[in-house]
Amino acid sequence: MEPEILDLENFLPYRLYRLADAVSREFAGIYKDSHGLTRPEWRTLSGLGQHGTMTATALGEQSAMHKTKVSRAVAELERRRWLTRTPDENDRRVEHLTLTKAGLAAYREMVPLAIAFERELLARLNLAERVAVVSGVAALEEALDRN
């Protein structure tokens, strides 16, 4: 009996990964061109812009980034003076990260670019396809959250 072979190009987890990576790379061109950010820096900036003060651990969980990528992104945003670190009063190993006025201004400049990118991405699909993609992604997220 022949061993089963996985058709990787039709394997849903692989296809979703490749799709997410392709979309992320296309969007990365926008914030790289406008503000010179890497993907981890954008994810860190946008997480703080949306949620306010966060720890590096919370940022890593929210953005699905490894702690070393978060650490490098935080260091670069701090170098740009776009965020500040405040030690936790109860645990000095923990730092609370917050955007500065300059960081918040950069975030606010990028929000319309992100919204326009999403709008243009979805405009490549017809209405039925848009509904299917949005509802399908939500259903998969919900199904995975239940496990």
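Q: Is Tyr-31 buried or exposed, and what makes it count as such?

A: This is a predicted model. Tyr-31 has a relative accessibility of 3%. Buried means under 20%. Tyr-31 therefore counts as buried.

Q: Why is the pair of Tyr-31 and Trp-42 called stacked?

A: The ring centres are 5.2 Å apart. Rings pair if their centres lie within 6.5 Å, so Tyr-31 and Trp-42 pair. Their planes are at 15 degrees. Planes under 30 degrees apart count as stacked, so this pair is stacked.

Q: Which parts of the chain does this pair link?

A: Tyr-31 is in helix α1, and Trp-42 is in helix α2 (residues 39-51). The two residues are 11 apart, and their pair links distant parts of the chain. Both Tyr-31 and Trp-42 are buried.

Q: How many aromatic pairs does a search of the whole structure find?

A: The search finds 4 aromatic pairs. One of them joins Phe-27 and Tyr-31.

Q: What makes the pair of Phe-27 and Tyr-31 edge-to-face?

A: Here the centres are 5.0 Å apart and the planes are at 80 degrees. The distance is within 6.5 Å, so the rings pair. The angle is over 60 degrees, so the pair is edge-to-face.

Q: Where do Phe-27 and Tyr-31 lie?

A: Both lie in helix α1 (residues 12-35). They are 4 residues apart, about one turn of the helix.

Q: Why is Phe-27 called buried?

A: Its relative accessible area is 12%. That is under 20%, so Phe-27 is buried.

Q: Which residues do ring pairs link into a cluster?

A: The cluster holds Phe-27, Tyr-31, Trp-42 and Phe-117.

Q: How do you know that the charged end of Arg-80 sits over the ring of Trp-82?

A: The charged end of Arg-80 is 4.7 Å from the centre of the Trp-82 ring. The distance has to be within 6 Å, so this value passes. The direction also has to be within 35 degrees of the ring normal. The charged end of Arg-80 is listed as sitting over the ring.

Q: What makes β1 and β2 the edge strands?

A: The open sheet has 3 strands in the order β1-β3-β2. Its pairing is antiparallel. β1 (54-55) and β2 (83-87) each pair on one side only.

Q: How do you know that β1 and β3 pair?

A: Strand β3 (residues 95-99) joins β1 over 2 bridges, in the antiparallel sense. At least two bridges are needed, so β1 and β3 pair. Met-54 has Leu-97 as its bridge partner in β3. Thr-55 stands opposite His-96 in β3.

Q: How many bridges lie between β2 and β3?

A: There are 5 bridges, again in the antiparallel sense. The requirement is at least two, so β2 and β3 pair as well. Pro-87 stands opposite Glu-95 in β3.

Q: Which helix lies across the strands?

A: Helix α2 lies across β1, β2 and β3. It runs at about 85 degrees to β3.

Q: Why is Thr-57 called exposed?

A: Thr-57 is found in helix α3 (residues 56-63). Its relative accessibility is 55%. Exposed means over 50%, so Thr-57 counts as exposed.

Q: What makes Ala-128 exposed?

A: Ala-128 is in helix α6 (residues 127-146). Its relative accessible area is 54%. That is over 50%, so Ala-128 is exposed.

Methods
Residues numbered from 1 in each chain as written. Predicted model: local features only at pLDDT ≥ 70, side-chain atom pairs only at ≥ 80, totals over all residues. Heavy atoms only, no water. Phe/Tyr/Trp six-rings, centres within 6.5 Å; stacked < 30°, edge-to-face > 60°. Buried < 20%, exposed > 50% of the residue type's maximum accessible area, 1.4 Å probe, protein only. Contact = heavy atoms within 4.5 Å. Axes fitted to C-alpha atoms, helices over the stretch in contact; angles between N-to-C directions.
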